[in-house]
Amino acid sequence: MVYDVIISGAGPSGSYLAYLLSKNGYSVLQLEEHKEIGKPVECTGLVSERVFGYVKSKSQINEVHGANVFFPNGKSIHISKGEKTIVMYRDEFDKDVSAMAIGTGTDTRINARVLDARVNDDYAEVKYRENGEIKYQKASIVVGADGATSRIRQALNYERPRKLISTYQVDSSFHLEDQDDVNVFIGSENSKGFFGWAVPSGEITRIGVGVDHVTAIKYFKNINSRFERSQILGINAGPIPINYLKKTYSSRSVLLGDAAGIVKPLSGGGIYTGIVSAKNAYTAINHAFEKDDFSEKSMSEYQKLWKREIGRELYIDSIIQRYFARISTNDEMLNKIYSTIDTEDIIKRINSLGDIDYPARVVFSILMRKPRLVKYFLLGG
C-alpha cells in the first residue's frame, strides 16, 4: 500500500493534521517513536482556550487568570486578565488528539521510530523501526511533526533551528495556595536568556526553567529553593526552538510545530502554534492533491498560509525575545524596568491587552507609553 501522507510524530500538531486528512478521505500513516502517546511529557501544559476550540479534551487540571513576575530586587508585579489560561495534563491532551485522528481512520503506530526519509519526483519514502523490525513505506507526502530534534528535518536536509532553549522542569509536591496565578522568575539567579516558572497544577506544582547556552540545573535549584519541603515527583527536560525556519516546506514534504520552529518565542509555548501550522498544512496538502502537484513550488503554499495567520506575531516576538535575552542577566537593568512599569496605568494596559498567544501588541503599547524602555533593551546588553 502507498499512503497519501506519512506523518512522523504523534504530538498535537501531527495528530491534528492526521485527523484533518483522515476525516477528509486521505490515507495517513502516523509513526510515533515512543511506546506511549504523550510520553515523555516535555511541556508546562499552559494553553489558551483557543486550543480547545480545535481539540475536544477533558485534560484540564486548573485554570489561571494572571501571573506574578518576580524581579531580581525581590519585588514583583501582578498581572491579571479576564480570560482564563488552561493548565492541563499534556499527556492526556496528546492522547485525545491522537484519538481524534485514529477515530477518523489514521493508521497510528507506536514504538515506530523514523530512521531516514527521502523524496524524489514520484514519491516520498520513510525508513523506520517498528518494534525492532526495519520497515520501508512510500507515500505522496511526508510530514515532520517530530519535535525540536526532528529526524525528518535532518533526513531531508532542512536547515537547523537557529536558537534552542534548554528546559528543565519537575512535578513538585509543593502545593501553591494561590491557584489562580502563574509565577515567573527573571534575573541572573533565575535564568540566562529566558525565565523560570512555577505553575499551580492542583495538588502539585510544575517548577522549571529555560536557559540559553548554559546548564539549566543550577538555575532550577535557585528557583526550587523558594519552595520549602518541595519533593520532586517527576522530571522532564528538552529543547525548544524559538525561531521558525526560513523554509518549512520542500518537494513532497512540510514541517510542523517544533520541527519547524513554529513556536512562541517569548514563552516557548508550541501547542497553539503547532495546531495552527497543522491546519494550514492540511489546506496546502489538500490543494497539492487536487492539482496532483507535489513540487516545492506547490508545497510553498503551506508557508504562505501559516505566515499569513501567525508569522508577523512570531517574527515580532522573536525580536523582543532577542533583546530580552541580552539583558536577562543584567539585574540592575531589570530592576529599572520594574520601576518603570510598576504603575497603575501600565498594569491596567497589560491586563486589558494581554494575550498568551499574541503578546506583541501589549509590548508595543507599553513601549509607546514608556519610551525609555527602548533604551534599556537596546543598551542593556
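Predicted model: local features only at pLDDT ≥ 70, side-chain atom pairs only at ≥ 80, totals over all residues.

Q: Is E130 buried or exposed?
A: E130 is buried, because its relative accessible area is 10%, under the 20% cut-off.

Q: And what about K135?
A: K135 counts as partly exposed, with a relative accessibility of 25%.

Q: How many salt bridges does the structure hold?
A: There are 19 salt bridges in the structure.

Q: Let us turn to D212. Which side chain does D212 meet in a salt bridge?
A: The partner is K163, at 3.6 Å from N to O. This pair joins distant parts of the chain, 49 residues apart: D212 lies in the loop between β13 (204-211) and α5 (217-224), and K163 in the loop between α4 (151-155) and β10 (164-172).

Q: How accessible are D212 and K163?
A: D212 is buried at 11% relative accessibility, and K163 is buried at 15%.

Q: What does K264 pair with?
A: K264 forms a salt bridge with D357, at 2.9 Å from N to O.

Q: Are D357 and K264 buried or exposed?
A: D357 counts as buried, at 3% relative accessibility. K264 is also buried, at 6%.

Q: Which residues are linked in a network of salt bridges?
A: Such a network links E36, K39, D91 and K95.

How values were computed: Residues numbered from 1 in each chain as written. Heavy atoms only, no water. Salt bridge = Lys/Arg side-chain N within 4 Å of Asp/Glu carboxyl O. Buried < 20%, exposed > 50% of the residue type's maximum accessible area, 1.4 Å probe, protein only. Helix = DSSP H or I, 4+ residues; strand = E, 2+ residues; numbered from the N terminus.
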